[in-house]
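Please open the model in your viewer and keep the selection panel at hand. The stops below go from one selection to the next.

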Amino acid sequence: MATTGRWRQLRSRFPRSRRALVLEILLSIITTLLLIPVPLVARYAVDDAISVSNPRRIIGAGAVLIALLIAGELVALLRRFLMAHEGKIAIAQLRRDMIAKLHDLPISYHRTNPIDRAYEQIIGATTAVDAMVQAALTSVIPALVLFAGMAGVLLSLHWLTFL
């Protein structure tokens with residue numbers, strides 16, 4: 001079971017994680033702000049532009065939709081790149097720390113335990129932590145921020161649709 005002390009120890013291995021988390025949330029909010037108008041513009045296109053058969057309005061609404069979607073994807077791509085970079089830095093530091101601990105073990109440990117098995121365990125453990133960090137940074141946090149933004153838009157449009 002993970003205790004507060006163990007979480008602090010794990011957290012100490014990722015010194016830049018607070019800044020990365022704030023940056024992740026900020027970029028997720030920007031992405032959400034770019035995507036929130038999409039249903040509103042789509043509603044305008046369907047309710048107003050198409051109903052009056054005005055080609056300029058239809059093209060304008062389509063252009064705005066495309067611009068919003070492209071801008072949202074560009075910010076999301078930047079967010080994913082930065083988070084992958086931060087995650088890789090943290091995992092590399094964790095791997096270095098674990099190897100340093102392995103090298104600090106007494107010689108008697110190295111005589112009885114094959115070193116290749118220890119390295120395999122280090123690589124396996126850091127790969128698992130890397131997968132967890134990447135999943136959290138690139139999927140979970142942005143999805144929560146996007147859900148909150150879209151829920152707000154749906155509530156403002158029609159509360160029954162939200163339910």
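Select glutamate 73 and arginine 80, which form a salt bridge whose closest N and O atoms are 3.9 Å apart, a salt bridge being a side-chain nitrogen of Lys or Arg within 4 Å of a carboxyl oxygen of Asp or Glu. Glutamate 73 is partly exposed, at a relative accessible area of 49%, and arginine 80 is partly exposed as well, at 35%; buried means under 20% relative accessible area, exposed over 50%, and partly exposed in between (1.4 Å probe, protein chains only).

This is a predicted model, in which local features need pLDDT of at least 70 and side-chain atom pairs count only at pLDDT 80 or more, while totals for chains, interfaces and linings use all residues. Residues are numbered from 1 along each chain as its sequence is written, and side-chain values use heavy atoms, with hydrogens and water left out.

Aspartate 130 lies in helix 6 and lysine 88 in helix 4 (residues 55-104), so the pair ties together parts that are 42 residues apart in sequence; helices are DSSP runs of H or I, at least four residues, numbered from the N terminus. Aspartate 130 is buried, at 12%, whereas lysine 88 is partly exposed, at 45%.

Now move to serine 28 in helix 2 (residues 17-35), which is buried with a relative accessible area of 2%. Beyond its neighbours within four places in sequence, serine 28 is in contact (heavy atoms within 4.5 Å) with Arg79, Pro142 and Val145.

Notes. Helix = DSSP H or I, 4+ residues; strand = E, 2+ residues; numbered from the N terminus.
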